[in-house]
Amino acid sequence: MGTILLATDGSEYARQAAQQAIDLAEARGATLHVICVVDRRRFDEPALSSAELTTIYAEDHAAICVNEVVNIAEERDVRVEGDTRHGIPHEVILDYADEIDADVIVVGEHGSHEEHFSGVGQKVLEGSERDVRVIEAEG
């Protein structure tokens, strides 16, 4: 038993990380927690502004990313819970890992946040004493 946290953003790197996280959860009989963070530096909380539609789109995208992984995990009989949150991605991932007492954190090497703010995976790796696996996408 145990707890595995997967951070996803729907990128190809995140999809590779999801497969490895699901495999790991299945092998260990662990619960898989899936999180997608809406980066508040790019998408503020909706507040009836011109950015509201963009933020709503980002929230919808986050929910789709999480549900995609949840559906795959459920097909393989892996216990899974999904969540979306707002914040600075690496900070939210680290806080959530503490909240669920994750044994392992799995994150893709690059993702949608990487184009604007480098190194979410690297920041998680540097900011945690937990087992962190930063997954490279296979060519």
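Q: Which strands does helix α3 lie across?
A: In this predicted model, α3, residues 89-100, lies across β1, β2, β3 and β4, and its direction runs at about 150° to that of β2.

Q: And what order do the strands of that sheet take?
A: The sheet is open and has five strands in the order β3-β2-β1-β4-β5, with parallel pairing. Because β3 (80-87) and β5 (131-135) stand at the edges with a single partner strand each, one side of each is left without a neighbour in the sheet. From one strand to the next, the twist averages 20°.

Q: Which strands does α1 touch, then?
A: Helix α1 packs on the sheet and touches β1, β2, β4 and β5, with its direction making about 155° with that of β4.

Q: Which residues of α1 are buried?
A: The buried ones are A14, Q16, A17, A18, A21, I22, L24 and A25. A repeat of 3.6 residues a turn makes residues three or four places apart in an α-helix point the same way.

Q: How long is α1, and what comes just after it?
A: Helix α1 covers residues 12-28, and its 17 residues reach 24 Å from first C-alpha to last, close to the 24 Å expected at 1.5 Å a residue. Just after α1, G29 takes a positive phi of about 65°.

Q: Back to the strands: how many bridges does β1 make with β2, and how many with β4?
A: The pairing of β1 with β2 (residues 31-39) is parallel and runs over five bridges, with I35 of β2 as the bridge partner of A7. With β4 (residues 104-108), β1 pairs in the parallel sense over four bridges, and there L5 has I105 as its bridge partner. Together, β1, α1 and β2 make a right-handed β-α-β unit.

Q: Are the β1 side chains buried or exposed?
A: They are buried on both sides: T3, L5 and A7 point one way, while I4 and L6 point the other.

Q: Changing topic, where is confidence lowest and highest among the elements?
A: The lowest mean pLDDT is 87, in helix α2 (residues 52-75), and the highest is 97, in β1 (residues 3-7). Over the protein chain the average is 86, and 83% of the residues score at least 70.

Q: Where does pLDDT stay under 50?
A: That happens over residues 112-118, for which the model has 18 contacts beyond four places in sequence. Where pLDDT is low, predicted coordinates should not be read in detail.

Methods:
Residues numbered from 1 in each chain as written. Predicted model: local features only at pLDDT ≥ 70, side-chain atom pairs only at ≥ 80, totals over all residues. Heavy atoms only, no water. pLDDT = per-residue confidence, 0-100. Helix = DSSP H or I, 4+ residues; strand = E, 2+ residues; numbered from the N terminus. Contact = heavy atoms within 4.5 Å. Expected span 1.5 Å × (residues − 1). Buried < 20%, exposed > 50% of the residue type's maximum accessible area, 1.4 Å probe, protein only. Pairing = 2+ DSSP bridges. Right-handed = clockwise from strand over helix to strand, strands pointing away. Axes fitted to C-alpha atoms, helices over the stretch in contact; angles between N-to-C directions.
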